[in-house]
Amino acid sequence: MSYSINPKSTKEHPLSVAARRHSSYPALRTGNTSLTYESLHSQSERLAFALFNRGIQSGQIVALGDLPAREMIISLWGCMLGGFIAFPLNVRFPSTSLAQILDDMNPALIISDSSYPGHETVPFSDLNMADNQVSMANLPVFDRSAAASLLMTSGSSGDVKFVQHSHHNHIESAGGSNQNIQLTSSNSWLLSLPLYHVGGLSILFRCALAGATIIIQEAQQSTLQVIDERGVTHISLVATQLQRLLKDESGLGILQEMKAILIGGSAITPALIHQALDHKLPIHVSYGSTEMASQITTTSGENRDAALQNSGRLLTGRDLIISQEGEILVKGDTLAQGYLQHSKLVDLRDENGWFHTGDVGYTNVAGELTVTGRMDNQFISGGENVQPEHIERLLCQIPGILTAIVIPQHDEEFGARPVAFLEIMEDAPGGKEIIQQLRGHLPGYMLPVAYYAFPDVLIENSFKISRTELTKLLQTENKHLHPL
């Protein structure tokens, strides 16, 4: 029988409820091995008690470094069951940056297979997790309002912020998602995003509330292979990932068999959405943020065509307004407790309780949100305001252009001029032809003065290409720039 937990009535930790109601259902599956909800809960409890035995106190930060996905999930749940603040590290950061982050956050312990000098680090395998150690009396009473996690997020300036969420934030985020995208105990969600990313962490809570299975992809498997072989029903993707899957000859047939493809994390080109809709893919386009514990608005399965114009309606537990300046402001049950800075929690809300996203957009009469750009991406060229996303949307309407990112380049006369980075197909037009097609839609100051191919070094090393990285490449004028 399929039974989903009502997030509003959850007084126990959702993993504890799942272990009782879905005890024999597979919680994790990787390769030929699986872990039931009862076993996952038991191992997570034992990890929590092992941390208590090492002198870690509830409310202290436990960082999670270089760990396989299975061990990372057990560690995340174990920290939350023990009342510790789980802090999954973005291990893609340079070692010098991670060292500075750890010095700033000063975790009580790091669980990792790699060492971090200057901080107490223990491999997952060295934690003493014997069965006879655990007693429920030794674990704290579950408190929905207590801090559960700390996630790293980068603003447009590139500065890292540390977002602290409560259990309540994560539970309400997952509950709203599950109301919009049906998820049952017979379904499975591929762990396709890293667990230090809010989109990855939220998969744990969605599956726990529904008793669904998390599928872990092995290193030797391709994403399409594991979807096909394991019958994966749900997946979270950023646009770049979906593009790559659709380039594979077998991609369409495999993706068409799925129940839900949740797309977020970056702007999605009209061409990509058209392709997905034309081939009847079960896509849901989402707008969200780390501060709001993942999704804010998402399109529904009943009206998939809305994905061509907007990012859907508000999910339950969220509120949204558009300011006089056009900025998207949000609040609700999923809004984080604050930013952790120098061991102090800094409120991220204004005097009326709203979080200022920095995104610009509008809602239609049906309450569906369209995001038009970032306030801090806008720049001035010759005294005129330029919104890069407007140019990007027009570029992506040109056949052969898959993705476009426009950034400012310093100019002595105009202050700044737009430059475009493009991901293109073989039959895409060249720079001169692109300019000709744009001239009828843009004033001269908004026409890009140069066009470059997306640098391979960024495509290979990241699932999300950032404007900051492209700006750095443009400033250095290095070998990775390839004019079109």
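Contact here means heavy atoms within 4.5 Å. By that criterion, and not counting residues up to four places away in sequence, Asn90 touches Leu98, Met152 and Tyr196.

The model is predicted, so local features need pLDDT of at least 70, side-chain atom pairs count only at pLDDT 80 or more, and totals for chains, interfaces and linings use all residues. Residues are numbered from 1 along each chain as its sequence is written, and side-chain values use heavy atoms, with hydrogens and water left out.

**Asn90**

Asn90 sits in the loop between strand S4 (85–88) and helix H4 (95–105). Helices (H or I, at least four residues) and strands (E, at least two) are DSSP runs, numbered from the N terminus. Asn90 counts as buried because its relative accessibility is 14%; buried means under 20% relative accessible area, exposed over 50%, and partly exposed in between (1.4 Å probe, protein chains only). A polar atom of the Asn90 side chain lies 3.0 Å from the backbone nitrogen of Arg92.

**Strand S13**

Strand S13 (residues 283–289) has six of its seven residues buried, so it is largely enclosed by the rest of the structure. Two strands pair if DSSP finds at least two bridges between them.

| Partner of S13 | Sense | Bridges |
|---|---|---|
| S12 (residues 260–263) | parallel | three bridges |
| S14 (residues 294–298) | antiparallel | four bridges |

Within these pairings, Val285 in S13 is the bridge partner of Ile263, while Tyr287 stands opposite Thr297 in S14. The hairpin of S13 and S14 has four residues between the strands, and Ala293 in this hairpin takes a positive phi near 60 degrees.

Notes
A polar contact is a pair of N or O atoms within 3.5 Å; within protein, one must be able to donate a hydrogen and the other to accept it, and residues adjacent in sequence count only if both atoms are side-chain atoms.
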